[in-house]
Amino acid sequence: MDQLFSPSMDARRARSRKALRNALLALIEERPFEQITIREITAKADVGYATFFRHFATKEDLLNNLAEGQIRELLSRTVPLLDDIGSRDAVRATCAYVDEHRALWTALLTGGAAGTVREEFVRQARTLELNVEPSKRTHELPGDLAVVYGTGGTIDILAWWLSQDVRYSVDEIADLLNELVIASLQRGPMERRSSVSQA
């Protein structure tokens, strides 16, 4: 019984999971997610085919696991910037990170897992929002509404960007995000009412 939970077994499981994530990450850089098979993933990861199913039920399950880590990485890079150097730089950092990993984020935001990625993005952003003191918030919306609106708008704009034939620059998309999402969140209630009445 002790052998089932030995440290070496746990280390092996962790190595296999990491190898499968890295393999999928590498394959997504080469071609669309829909064209990748589990056999290709396991061959690239150098693990047995049956081993895959000890860790993930489907390749979509593996993609979701990969998405969770990528979203965490993206948020950890950008959220601190909002307080430190202003929203424009944070938004640009977000766009630059997505652009550096364009093939992966295209699969995550425009493929079959887009709904799951959106849910995970909102879940992680909600966790971060809970840790922000009300006095440090840059908006006056209820925290949960700000998270849903902000992440939803961000995901929609990034997904649109990644699906375009025309190559928009990081700065162009950062400007769009800043204007359409961030600036809207940062306006106070009177400014929002005023802008609506003028429309």
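The charged end of Arg-102 sits over the ring of Trp-161, 5.0 Å from its centre, where a charge counts as sitting over a ring if NZ of Lys or CZ of Arg is within 6 Å of the ring centre and within 35 degrees of the ring normal. Arg-39 lies over the face of Tyr-49, at 3.8 Å from the ring centre. The model is predicted, so local features need pLDDT of at least 70 and side-chain atom pairs pLDDT 80 or more, while totals for chains, interfaces and linings use all residues. Residues are numbered from 1 along each chain as its sequence is written, and side-chain values use heavy atoms, with hydrogens and water left out.

Across the whole structure, a search finds 4 aromatic pairs, that is, rings of Phe, Tyr and Trp (its six-membered ring) with centres within 6.5 Å, called stacked when the planes are under 30 degrees apart, edge-to-face when over 60 and tilted for the rest. Two of these pairs are tabulated here.

| Pair | Centre to centre | Angle between planes | Class |
|---|---|---|---|
| Tyr-49 and Phe-53 | 5.3 Å | 75 degrees | edge-to-face |
| Trp-160 and Tyr-168 | 5.1 Å | 40 degrees | tilted |

Tyr-49 and Phe-53 both belong to helix α3 (residues 49–55), 4 residues apart or about one turn of the helix, helices being DSSP runs of H or I with at least four residues, numbered from the N terminus. Ring pairs also join Tyr-49, Phe-52, Phe-53 and Phe-56 into a cluster.

Tyr-49 is partly exposed, at a relative accessible area of 34% (buried means under 20%, exposed over 50%, partly exposed in between, with a 1.4 Å probe and protein chains only), and Phe-53 is partly exposed at 38%. Trp-160, at 35%, is partly exposed, and Tyr-168 is partly exposed at 27%.

Terms used. Helices (H or I, at least four residues) and strands (E, at least two) are DSSP runs, numbered from the N terminus.
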